[in-house]
Amino acid sequence: MNHPQPHADVPGVSLLLGAGGGIGTALRQRLEERGETVIALGRHTEPALDYGDEASVAACAHHLAERLESSGQVLTRLIVATGFLHGRTPSGHLAEPERSWKNLEPEALAHSFLVNAIGPALVIKHLLPLLPRQGRCTAAFLSARVGSVGDNRLGGWYAYRAAKAALNQLVHTAAIELARRNRESVCVVLHPGTVDTGLSQPFAKTGLAVRSPDIAAAEILAVVDGLQPAQSGGFWDQHGKAVPW
Ligand SMILES: NC(=O)c1ccc[n+]([C@@H]2O[C@H](COP(=O)([O-])OP(=O)(O)OC[C@H]3O[C@@H](n4cnc5c(N)ncnc54)[C@H](OP(=O)(O)O)[C@@H]3O)[C@@H](O)[C@H]2O)c1
């Protein structure tokens with residue numbers, strides 16, 4: 001398929017993955033309020049995005065490519081707002097953040113790696129090639145500060161920390177490959193801060209700066225749109241400050 005290149009007169013399209021999540025929903029609303037074209041996909045959309053099924057990621061890529069082809073628009077922003085910290089795995093196992101190595105369980109580890117790292121790797125494989133070969137474009141993957149090895153002083157949360165660290169390495173590596181195709185590209189991992197969503201609710205402590213998804217979405221978009229190609233491959237927080245690896 002022949003993908004159009006950016007043109008000043010043609011507005012770019014944003015692709016938002018994880019559209020049904022707390023931050024994903026707020027990002028979608030913000031972008032729509034700005035009058036931008038957003039294609040928002042998640043497990044309950046058509047086509048559906050389910051990281052347990054690579055064919056669904058490929059189908060999302062096909063859907064996007066067709067939309068771009070028929071509209072003549074260009075994908076200029078990709079935001080991946082998927083993630084998993086706690087809850088039921090597809091087989092019904094209850095996964096919770098581990099307090100100790102005693103709590104390490106293969107099924108919880110595998111599901112965390114599936115949603116936080118392997119799924120985004122499939123997004124890299126199937127969707128990054130749809131970014132234009134010239135002109136500014138950004139791909140932002142939501143990670144978490146707790147995925148930072150250098151910043152880990154509290155321990156615990158083994159599966160989530162390790163899967164986010166894996167995500168960080170995958171995205172950093174993809175940023176290098178993407179820059180060879182398009183020198184104006186930006187591909188990063190972002191820490192959104194602590195945000196009031198289903199993911200954080202059981203762990204929100206008084207005193208922690210918990211923000212509404214709407215505020216978080218505004219901050220994420222400001223960082224995404226402010227980052228320059230020289231900052232591609234980095235790990236940035238909600239204020240645009242570098243997070244240690
Ligand atoms: N909330 C916080 O305080 C916080 C802090 C640091 C980092 N983060 C990160 O920010 C991102 C968004 O978090 P959130 O707070 O919005 O969490 P959330 O409300 O739990 O949303 C999680 C998202 O992940 C998607 N997802 C889960 N399993 C999936 C699967 N098997 N296949 C495809 N998609 C799947 C869900 O998809 P659907 O669209 O289908 O529902 C949902 O959109 C995550 O990467 C999270 O780690 C959040």
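**Basis of the description**

Helices (H or I, at least four residues) and strands (E, at least two) are DSSP runs, numbered from the N terminus. The model is predicted: local features need pLDDT of at least 70, side-chain atom pairs count only at pLDDT 80 or more, and totals for chains, interfaces and linings use all residues. Residues are numbered from 1 along each chain as its sequence is written.

**Shell around the ligand**

Helix H1 (22-33), helix H3 (106-127) and strand S8 (194-195) each contribute at least two residues to the shell around the ligand. H1 provides the largest share, three residues. A residue is near a molecule if its C-beta atom, placed from the backbone, lies within 6 Å of it. Among the 30 residues around the ligand, those that come nearest are Gly20, Gly21, Gly42, Arg43 and Gly83.

**Packing of H2 and H3**

Helix H2 (residues 54-71) packs with H3 at an angle of about 40°, and their axes lie 9 Å apart. Axes are lines fitted to C-alpha atoms, for helices over the stretch in contact, and angles run from 0 to 180 degrees between N-to-C directions. Glu54, Val57, Ala58, Ala61 and Leu64 of H2 meet Leu122, Val123, His126 and Leu127 of H3; residues are in contact if their C-beta atoms, placed from the backbone, lie within 7 Å.

**Surroundings of Leu15**

Which residues are in contact with Leu15, leaving aside its neighbours within four places in sequence? They are Ile39, Leu64, Leu75, Leu78 and Leu127. Of these, Leu64 in H2 and Leu127 in H3 also take part in the meeting of the two helices.
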